[in-house]
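Please open the model in your viewer and keep the selection tool at hand. The tour below moves from stop to stop, saying what to select and what is there.

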Amino acid sequence: MAGGEAAQVASPLLEARGISKYFGAITALTDVNFHVAHGEVLGVVGDNGAGKSTLMKILSGLFAPSEGQLFFEGRPVTFSGPKQARELGIEMVYQDFALAGNMAIYENIYLGREPGKKFGPLTLIDHAEAKRMAAEHLERLHIAVKSVEQNTEDLSGGQRQAVAIARATAFQAKLVIMDEPTAALAIKEVGKVLDLIKSLKHHGVAVIIISHRMDDIFYCCDRVMALYQGTNFAEAPLDATHRNEVIGWIMGTKGHTEALAHDRLQ
Amino acid sequence: MPGSNPRLAKFLDSYGIVLVVVVMMLVLAAIKPEIFLKADNLTNILKQNASLALLALGMFVVIVTAGIDLSVGSTMGLAMVALAIASRAGVPWPLVLLVGPAIGLIVGWVNGIGLTWLRLPHPFIMTLGTLNIARGLTYLITNGAPVSGLQPEVRYLGQAYYGLGLAPPAGLPASLILVAICAIGLWFFLNKTSMGRHIFAIGGNPQAARVSGINVDKVLVIVYMICGCFAGLSGLLLAGRTDSGFPNAGIGVELDAIAAVIIGGASFFGGRGTVLGVLAGVLIMGILRNGLNINNVSAFWQQILIGMVIIIAVYIDVLRRQAATRH
């Protein structure tokens with residue numbers, strides 16, 4: 001796979017070309033183009049209704065784009081559902097964590113992909129193996145919990161988010177998409193979760209973060225992209241931009257300066 | 001308290017109900033040892049509650065998904081008369097044994113399809129519909145008259161018992177063995193297989209199940225088919241015990257089954273409960289009725305007491321949830 005190696009370096013992990021999405025007469029996205037490199041953390045910002053969640057649903061396989069094409073590792077891909085996206089290594093972390101509170105941490109991590117003997121559609125779960133794998137995986141990510149047998153409803157918001165991230169990365173994920181990863185957290189837990197997101201990079205995982213919080217974006221992203229009225233409006237590496245410029249993009253203006261900042265009294 | 005020792009808390013949460021059964025038995029044994037502890041009385045409790053136990057096991061699976069199945073009583077009645085008619089018509093007995101579960105599977109499938117394809121807002125609606133449809137069919141095929149005279153092999157599971165050296169009619173009922181096999185099988189399915197865990201996940205958070213790639217609709221259809229199958233089997237037991245299929249059989253038993261599941265500690269909000277708890281719930285209702293009977297308390301008071309037990313059991317569930325969220 002010498003050629004494959006070269007191709008991998010040349011092509012980004014995920015690329016979107018000319019993505020549009022219509023819901024009847026409503027246009028949610030028009031001609032969105034962007035890419036994420038291997039191990040890169042991309043921040044996606046935008047106002048409510050700018051098309052962030054529609055775009056994420058397309059990337060995670062929940063919606064099919066009306067126009068345009070996704071490329072994963074250089075190859076064109078079409079998803080018929082989230083399952084297919086997951087098989088390629090694209091995982092989603094939901095704002096509300098999407099955990100079953102009545103079940104143990106380890107069961108949540110392997111829900112739908114339980115280790116064990118397969119008998120047709122049924123898996124005879126190897127609970128001991130699942131616990132062992134979960135404990136190992138959590139340790140790799142430096143996530144501390146009392147026991148993998150704890151129910152997730154007994155965890156704090158930050159711990160739940162950590163478990164959700166652990167679930168997303170349990171099976172060689174290449175890209176993790178996070179929807180407002182800190183929105184449901186107590187302030188004191190935000191830092192821990194952001195550090196965890198940063199650490200995914202060291203495991204070679206690319207991350208797309210959708211967030212309203214500039215602090216999150218500027219803390220852990222490599223690059224930031226703004227959506228405005230359904231299209232990709234502007235983007236820049238983090239060290240080539242600043243907070244006020246990005247806030248300007250969200251509102252649809254370029255060249256936003258300190259003097260024009262919305263939170264300053266003139 | 002909960003959380004200080006998660007294993008102990010989990011254990012008490014799941015099995016504390018068994019202690020209630022033991023305490024009830026001790027109390028009755030103390031009050032009326034000469035009647036309650038007699039082998040034929042204990043045999044009787046087990047025999048009388050075997051079909052309720054099967055209904056409750058099926059209902060439990062549905063309640064774990066935060067659903068409800070009101071049609072199990074009618075399904076049981078329909079299964080009972082259908083197998084009685086088949087038996088009378090001279091259908092070979094091994095096939096007659098299959099009639100009950102088959103009818104249950106069909107009704108359950110209809111329930112599941114109604115819920116997932118028609119997108120009816122709540123299983124209450126769909127199963128209220130099939131409650132009436134199955135009961136109507138039961139009257140239609142029997143003209144409202146009981147069908148009696150079953151083949152001995154068909155009656156076996158509902159009627160037979162193994163003496164074990166005890167004076168008849170005491171002994172180990174065959175129906176108890178069937179209940180035990182079903183309970184162990186269900187426990188294994190719910191705890192050790194992926195689909196069993198998916199059923200719990202759907203009860204805990206259907207969205208979590210969906211995004212984990214679980215086909216929630218498919219699992220729900222199977223859940224209602226399992227419940228129906230158990231209802232059909234319970235029809236087989238009752239037909240055997242009474243040697244007939246009577247069209248009024250099972251009216252209102254869906255509520256007993258729901259009560260037993262809830263008393264047994266399963267949460268009405270889904271995702272919580274154990275097979276052992278369900279069996280304990282059935283026994284609590286059975287022992288309560290038996291205890292009141294042997295103490296000559298009228299049947300009317302029994303009903304009032306069972307109503308109170310249901311309220312107390314659910315109140316305990318509410319308290320438990322509050323304790324869990326409060327930390």
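**First stop: two helix pairs in chain B**

Begin by selecting helix 9 (residues 194-204) of chain B together with helix 11 of chain B, which pack at an angle of about 105 degrees with their axes 10 Å apart; axes here are lines fitted to C-alpha atoms, for helices over the stretch in contact, and angles run from 0 to 180 degrees between N-to-C directions. That angle makes helix 9 of chain B roughly perpendicular to helix 11 of chain B, given that angles under 35 degrees count as roughly parallel, over 145 as roughly antiparallel, 65 to 115 as roughly perpendicular and the rest as oblique. Helices (H or I, at least four residues) and strands (E, at least two) are DSSP runs, numbered from the N terminus.

Now show the side chains: Met195(B), His198(B), Ile199(B) and Ile202(B) in helix 9 of chain B meet Val216(B), Val219(B) and Val223(B) in helix 11 of chain B, where two residues are in contact if their C-beta atoms, placed from the backbone, lie within 7 Å. By class, this contact of helix 9 with helix 11 of chain B has 6 nonpolar, 1 polar and no charged residues; Ala, Val, Leu, Ile, Met, Phe, Trp, Tyr, Cys and Pro count as nonpolar, Asp, Glu, Lys and Arg as charged, and the others, Gly among them, as polar.

What you are viewing is a predicted model, in which local features need pLDDT of at least 70 and side-chain atom pairs count only at pLDDT 80 or more, while totals for chains, interfaces and linings use all residues. Residues are numbered from 1 along each chain as its sequence is written, and chains are lettered from A and ligands numbered from 1 in the order in which they are written.

Next select helix 7 (residues 152-159) and helix 8 (residues 174-192) of chain B, whose axes come within 6 Å and cross at roughly 75 degrees. Helix 7 of chain B and helix 8 of chain B are therefore roughly perpendicular to each other. Here Tyr156(B), Leu157(B) and Gly158(B) in helix 7 of chain B meet Ala174(B), Ser175(B) and Leu178(B) in helix 8 of chain B, a contact that divides into 4 nonpolar, 2 polar and no charged residues.

**Second stop: the core**

Which residues have the most contacts inside the largest nonpolar core? Select Leu55(B), Ala56(B), Met59(B), Leu83(B) and Val261(B), which hold that place in a core of 168 residues. The largest share of this core, 16 residues, comes from helix 11 (residues 216-242) of chain B. A nonpolar core is a set of buried Ala, Val, Leu, Ile, Met, Phe, Trp, Tyr and Cys residues joined through C-beta atoms within 7 Å; a residue is buried if 20 or more other C-beta atoms lie within 10 Å of its own, exposed if 12 or fewer, and partly exposed in between, with C-beta atoms placed from the backbone.

Centre the view on Met59(B), which touches Asp69(B), Val72(B), Cys227(B), Ala257(B), Ile258(B) and Val261(B), not counting residues up to four places away in sequence.

**Third stop: single residues**

Select Ala66(B), in the loop between helix 3 (39-64) and helix 4 (72-88) of chain B, where phi is positive at about 65 degrees although the residue is not a glycine. Then turn to Gln172(A), in the loop between helix 6 (157-168) and strand 9 (175-179) of chain A, which has a positive phi near 45 degrees and counts as exposed, with 10 C-beta neighbours inside 10 Å.

**Fourth stop: where the chains meet**

The contact takes 24 residues from chain A and 22 residues from chain B. On the side of chain A that touches chain B, strand 8 of chain A gives the most, with 4 residues, and by class that side has 11 nonpolar, 6 polar and 7 charged residues.

**Last stop: confidence**

Finally, colour by pLDDT, the predictor's confidence in each residue, from 0 to 100. Chain A averages 88, and 92% of the residues score at least 70, while chain B averages 91, with 95% of the residues at that level. The predictor gives the complex an ipTM of 0.88 and a pTM of 0.89.
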